[in-house]
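Have the sequence and the 3D view open as you read.

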Amino acid sequence: MRNLIMKSLNRYTLLFVLLFAMTGCDGDWLVREPESIITEEQVWNDPEMIEGLLANYYDRLPRFHSLTDGQGQGWAEFALFTNAMWSGQENRDGLLNIENYGTTWWALWDYDLIRDLNLAIENIDQYSTELDPDQKNQFKAELRFLRAWVYFQHVKRMGGVPLVTETLEYDFSGDPSSVQIPRSTEAEIYNFIGSELDAIQDSLGHNAGSQTRANKYTALALKSRTMLYAGSVAYHNSRMSQPITLENEDGGRLVGIPGEMAQGYYEEALAAAEEVIQNSPNTLYNGVSGDPGANFYQAVTVKDGNNEVIFAEDFMASADRRHLFTYFNIPRPIREDNLDSSSLTPGLGLIEAYPYVDGSSGELQTRDATTGDYVYYDSVGEIFEGKDGRMDGTVIVPGESFRGQSVPMQAGVKVWNTSSGSYETVEGSALGSTYSGEEGGPEVDWTLTAGGGPHRTVQNVSASGFYLRKFVDNTTGASTRGTQSDTWWVRMRLSEMYLNAAEAAYQLSQLGGSATAQDAADYINVLRERAGFEQSGMLDGSSIDFETIMNERRIELAFEGHRLWDLIRWRRAHQVWNGDDSNPTANVAALYPYRVYRPGTPMHGKYVFDKIGPQAPSFVNARWFQMANYYARIPQDAINNNPELVQNPFH
Amino acid sequence: MYKVTKKIMGFLMFALIFIWQNDVHAQQVSGTVTTQANQETLPGVNIVVKGTSIGTSTNSEGNYQLTVPSLQDTLVFSFVGFQTREVPINGRTEIDISMQPQVVTGEEMVVVGYGEQQVESVTGSISSVSSEDLQETPSVTTGDALVGKVQGVTARQADARPGSPPQIEIRNLGDPLFVIDGVPSTEGDFAQLGQGDIESISVLKDASAAVYGLRASSGVVLVQTKDGGYGQDTEININGYYGWQNYTRYPQPANAYQYVRGKVYAAQNRGETQLPYTEEELQNWRQGGGEYQSYDYYDIVMEPMVPQNQLGASVSGGSESISYYLSATHLTQKAVIEDYSFDRTNIQANIEGTISDRLTLGAEISARMENRQNVGVPGLDDYFNPFLSVFSMWPTEAPYANNNPNYVNDVHNVNVNPATYTRDITGWVNDIWRQGRFNINAEYDFDFGLTLSGTGSYQIGSWDFDGFEYTYNAYQYDEENDEYIPVQGNDNPWRERRWRNNVNRFLSFQADYSVDIGNHSISALAAYERSDFRGDEQRIHTVPDNNYINVMSFSNQDLLIHAIEKQAHAGYVGRFNYNYDEKYLLELLGRYDGSFLFPEDNRWGFFPGISAGWRVSEEEFFDDAFGNTISNLKIRASYGRTGSETDSGNNFIIAPFSYRSGYDYYAGSSVFDGSYYTGVGPRGRPITNVSWITAVTKNIGLDISFFDDRLSATIDVFERRRDGLPATPQDLVVPEELGYDTPPQNLNSDAARGIEGSISYNGQIGQDISYRVGANATLSRWRVLSDENFRAGNSWDYYRNSPEDRWSAITWGYQVIGRFQSQEQIDNYPVNIDGQGNRTALPGDLIYKDVNGDGIITDLDQRPIGYAQGWNPYTSFGFNGSFSYKGANLSFNLAGAAMQSYTRDWELRYFFQNNGNSPEFMLTDRWHRADPFDPTSEWIPGHYPANRGPNYGHYNYQSNNYWTHNVWYLRLQNLQLGYTIPRDLLAQVGVKSLRVYVKGTNLYSFDNMKKYQIDPEISATNGLVYPRQSMYSFGFDLSL
């Protein structure tokens, strides 16, 4: 027995030694297969994988404003300008306090994405063996659309950039001159975009009718926008007292476009816009009759049955592609989560930019012009009656509701002091406080400061007197962090085409081109009619002017990411945002409603309004757009690494 | 020089051998061996003549008799559990000696990589801690028991929430490799061991770690768990303690009066005319009571004297062929915040059996469960909000509506109302980690000195995170109708589970050979090992319909995240040891190591090391000269190369699979036409030319002891230089328009340099008192040697920003040279400090030094003002001692550190940060006017600048040495009084031994952070973190 054990032990020993020796061959032990990497061949022969690739590229399209939140490309950036101010978390109070726009705030140099797009355009030819030619063409055209979009994002921020349309490879030989590409002129980039869009628009048939992938009319809409931008840079830049320009050795303009090119661009912009208006399946949304405000809100924010949107970045809560825009921006009194709300609050300037539907100025009447006394309103919402329906669709003003819930807004109570013959202002230190009257006066059970403010110091409640409605989701639960929202971010919609056409037509009428001022008025009247304007509010060739066209874009497209770029291409940004604390257009003002406590008079119980401006409470610095901001600073690394590059002017 | 030394040494050796050989005359020596403490005789003590096999042992009376070759020989007395003593005969024939129980230096053997070595023959810098030592300072985590004990080990407990370990580093080199019973393990495995199960811990600090190759460049911590011992009687041990914990420190919030007054001051100092409170209101708040009640949210959130306790039991012993050790330990630690707790259960079963004379099989099975129970507070970290609420809540508002504890008050920000922080109201999180490890060992001894052994290990770890955050209402009290009106509290229900499964596999084969040929002693080791890891993690989130049902439903699910991690490593190990007569020691070692992280060409690396030692005290000439005073002297030197695939924070230097091209699945996403499309993203150019970082460790050390080893000291000087830290090469200027980055290469280098040492003394006063005192210290600091990515634009840029050839992570800032004493001084001050002609300054504001003398303070005036922040301190030190009188024992342990920087920020810097309250000291000790309602009243000085509310952009708040402190501390970590019940009393009840003790942990700290009421070890700049606890406890240790 014992011998047997010893024998087998010796065998084990031998085995042991053998094992030890065998372990020398462990070449494969260190090779592990990753679980989520796929190969070129797998991608390019599977349409679903190519669509996955497109999903990646669409997702990476540069954005300055959006519904997601990120440094330099989020919704919080709306608070940098003057349509709205920051009323949210205190730790981002810096958004109220910017001294200037900095030189790189909207700088972009995303050649990683351009390379990936170029590489994809090349690889689809190299690796796709199993796709039919039609499919190949479609994907290629879509990739070229994306590349055009990315170049447009660059040119509007940076001016002319190096035009790279093939993948560049460097062999690390020590001589990189072959891959040092100089900047093209600004016009060349716009021309490239225009010609690309012309070349591909008929190859995008598979996507016809899509609002989230490029089709023929997406391409045309982008063309209309880019050509309008090019035209207005040519037109307005050359009309500045000192045009912004930067020439290369051959006299080409790296920034700025010669004025004489304006007409051609405007013609193309008008033609493209007209084609979209006339031939595309997109139509202006008219789903809610009799309520232009509700209709306008749905035209932008609601997806169901919305044919107006041409191109959007869509979200889908059930697949965890969602955003917190509603959580951060829902009005305080009706928020569903307990931490955040009310971050972006529109200012008085934007509210007053909306005319009354009879065509009269949008200025709110808070004081009697002759007596200087308050104008007394029966309700807190009366002052807004008769306003442009687009205001209601964009903003929640006092007296309005959202999701069927009222959003109470009242800053305090005005108590009449008979001895001084003036009102004293009483405001609550907390929200939702009540007011029960003065000593000697009748007892009342009023709101002092409403749950929705406005309040001068409390955070996460409006400091400006208004709340945002556009893009704020009216679905239950959308303002909680658990559920979140999946409203879409509208990149292009049909209204813009009307406004593009109007602006191009108006400019052409000035330049002696093919359109008239009446054409421009007609395009705008379509939008005004939908917004509930009366006949007296309609424009005609004689009453329309450029200020009206600019204002119409501001109010129609508010919070859709147009204002900054519009003011840049019109070369008005440095005047509108001139850094002057007393300039209303460079600041955000507020409107505070009060209830009047003046027993024994007809004024008792009525509502009055204080305009607080030019700066609303807690708003600190006037917006200051400097000449350097017209073309952002090219990143220093890019300049350092490519001696062919020339920095933009004023940097 | 070298040659001359060699010649002299050769001559000395020859002379010594000659003397020894001429002195051979047999003689008789006899005597008695007793214990030092109580002079009891010791039977069974081994006595040998040193350097021979001649020996005997004491009889039952403790007497011995021995024939020795010469009366000039040395006798070696050894006995289990006692320090071995070497006693030169010096011509005597009767030698009575007493022996001392084993303490720190008593371990004969020390665990080194892949084996054990005799302490005497160790040539590397290795420190070890024995189980007795660990037992003396029971801590929740293993690392904490090392703090202040071992030179070279540095620690920082920046967050001491229940169950969390301190950041342990060896010589500040970064996260070390932990090896438990021969198997590479994680820091968590080490920290959460059952400390009663540890036999010894060894810390390999220099080239001695090179035997662990690719993962050893930050040092190695080796842990050996206990075994039973063949032929040992069965011993049952039960031990436990119970203690009460409190925070060492936490900033105290201001009361309502101070808060309201501060609000008025803030408005006054901002120049506002409309003040938020009237004089009358302020008086009311001062008097308090009724609606002017003040609420102390520190007291509301924290509860004092919360329990921590542990109970453990073990059975160990063995027969001729079986040895076993079985144990179970349970620890519970409540947090100082209600409803938060940690508990842990450890099980260890070590069994070994001899199958034949030559073959041994064994198994080590260990398992543990860590259970963390938190309140489910919305937001990321459940512990953070309670801390935040201490300062975010206003002391003027009540946690409960109408002070009725059934109704959460609708405060200004209900999210930080601590009334909601109970598992019943806001919800709960149960975070459980379960782990089991199974090691199987086999060893076969050949009769010619060769041993073959193998170990296989399989470990499964599972993480189970289970959280539910409820919806709840807050209430407003309607006094008139005595009604509680529900308003929104939290409408964001959150239910989440996260699962993780980790599987670690490990296999090693090892051959050991040792042979003595005369005075030449040789041993060699060859080993092969491979290991791999796979981790699977899943996260599921639902939006539940109600607060009652814990079962999750697909219809409510809105999130699924799945991730897989893989790793694999393999290595060949070789080591060769040689010593001549235990005097001249040499060790050569090497490791050939491979990692999955790198592409094929860069996968393998060779990491060699060499070390040598000279035991000077073994030389006869030395013995003659110093034999009575210096009992041991050893000089050591080592040079070793190790590799690293991770940065010092244990992150891979490049992402796994970076060498693979292709596309990543799940890279972004889009919704096209109402359908979801998973993104497929190009991976970019593969990174193929990055390989491991190489680290070269150099160490010179000296071990010395005096007076029969009563006084012993060790000192080591070291450097670890790392080359090949990944960076993008600067000479390759590649246009950004290429669209890809120049791939990184192994380019940069840095070094950690330092010195460490320890000294200890074992003494005796009269018959009954013995004592031991010791001290140790470590200084280790990082330096950047070269940084490829830095290019200076000008000489200032170079001075300010170049990291090259500088100490790492210096804090820069302005130097505060005083405070403005008056408005007049501000008006006339020649230097423009705020850039606005000092318009923004008030009396009490900081005066910065205009270093360049240009009359304006700009970035150019910033200078180094501090050390690294958040790192382990550059200097650590410890003092420890114990005193025994008969059965009683008093021991203490102090741990300290210096050369670390901390910046007060947020709640500790800005008044009313986050629209909340401030610490009391900020609102009482600040510059202010005598009368908050009189803006012309005189200024009264204080520590903080004048209160103007948060005022973030103000120049006072730029980086400067008013806010940044160079922290030092010395903490009384342990103070313990124990008593061992006399044996004869216990024998009657069948108890082998019983010890009882009372203990204080972290009772006091000497430091410079006291006035800010923060623990000196925290790194959170706002102070809102779980500080170390102080604890009073009592415990027992019973053996049957």
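What follows is a short tour of strands and sheets, then a few backbone details, then charges. Keep in mind that this is a predicted model.

Let's start in chain A. There you'll find an open sheet of 4 strands, in the order β11-β10-β16-β17, and its pairing is mixed. The edges belong to β11 (422–427) and β17 (607–612) of chain A; each has a single partner strand, so one side of each is left without a neighbour in the sheet. On average, neighbouring strands here are turned by 40° against each other, direction ignored. Inside this sheet, β10 (residues 412–417) and β16 (residues 590–597) of chain A run parallel and are joined by 4 bridges.

Now hop over to chain B. It has an open sheet of 4 strands too, ordered β3-β2-β5-β6, and the pairing is antiparallel. At its edges are β3 (55–57) and β6 (85–88) of chain B, and because each has a single partner strand, one side of each is left without a neighbour in the sheet. Strand β5 (residues 74–78) of chain B pairs with β6(B) in the antiparallel sense through 4 bridges. Within that pair, Val76(B) has Glu86(B) in β6(B) as its bridge partner.

**A strand with two partners to look at**

Further along chain B, look for β49(B). Which strands does it pair with? One of them is β17 (residues 235–247) of chain B, which runs antiparallel to β49 (residues 1029–1039) and is joined to it by 11 bridges. Another is β48 (residues 993–1007) of chain B, again antiparallel, with 9 bridges. The table lists the strand pairs of this tour, with one residue pair for each.

| Strand pair | Bridges | Sense | Residues facing each other |
|---|---|---|---|
| β17(B) and β49(B) | 11 bridges | antiparallel | Tyr241(B) and Gly1035(B) |
| β48(B) and β49(B) | 9 bridges | antiparallel | Thr1001(B) and Met1031(B) |
| β5(B) and β6(B) | 4 bridges | antiparallel | Val76(B) and Glu86(B) |

**Backbone details in chain A**

Some loops deserve a look as well. The peptide bond from Gly453(A) to Pro454(A) is cis, with omega near 0°, and Pro454(A) is in the loop between β13 (446–447) and β14 (467–468) of chain A. There is also a cis bond from Gly613(A) to Pro614(A), where omega is near 5°. You'll find Pro614(A) in the loop between β17 and α18 (636–641) of chain A. Then there's Arg403(A): it isn't a glycine, yet its phi is positive, at about 55°. This arginine, Arg403(A), lies in the loop between β8 (401–402) and β9 (405–406) of chain A.

**Charges**

How many salt bridges does a search of the whole structure find? Over all chains, the count is 87. One to visit is Asp59(A) with Arg321(A), whose closest N and O atoms are 3.2 Å apart. This pair links distant parts of the chain, 262 residues apart: Asp59(A) is in helix α3 (residues 47–60) of chain A, while Arg321(A) is in the loop between β5 (309–313) and α10 (325–329) of chain A. Side chains of opposite charge can pair when their charged atoms come close.

Last stop: a patch of negative charge on the surface, which includes Glu443(A) and Asp445(A) as well as Glu291(B), Glu479(B) and Asp482(B). Of these, Asp482(B) is in the loop between β24 (472–478) and β25 (483–490) of chain B.

Note on methods: Residues are numbered from 1 along each chain as its sequence is written. Chains are lettered from A and ligands numbered from 1 in the order in which they are written. This is a predicted model: local features need pLDDT of at least 70, side-chain atom pairs count only at pLDDT 80 or more; totals for chains, interfaces and linings use all residues. Side-chain values use heavy atoms; hydrogens and water are left out. Two strands pair if DSSP finds at least two bridges between them. Helices (H or I, at least four residues) and strands (E, at least two) are DSSP runs, numbered from the N terminus. Patches are made of residues with over 30% relative accessible area and no salt bridge: like charges are joined within 9 Å, nonpolar side chains (Val, Leu, Ile, Met, Phe, Trp, Tyr) within 5 Å. Accessible areas come from the Shrake-Rupley method with a 1.4 Å probe; for residues, only the protein chains shown count as cover. A salt bridge is a side-chain nitrogen of Lys or Arg within 4 Å of a carboxyl oxygen of Asp or Glu. Lys and Arg count as positive and Asp and Glu as negative; His and the chain ends are not counted. The place of a charge is taken as NZ of Lys, CZ of Arg, CG of Asp or CD of Glu. Axes are lines fitted to C-alpha atoms, for helices over the stretch in contact, and angles run from 0 to 180 degrees between N-to-C directions.
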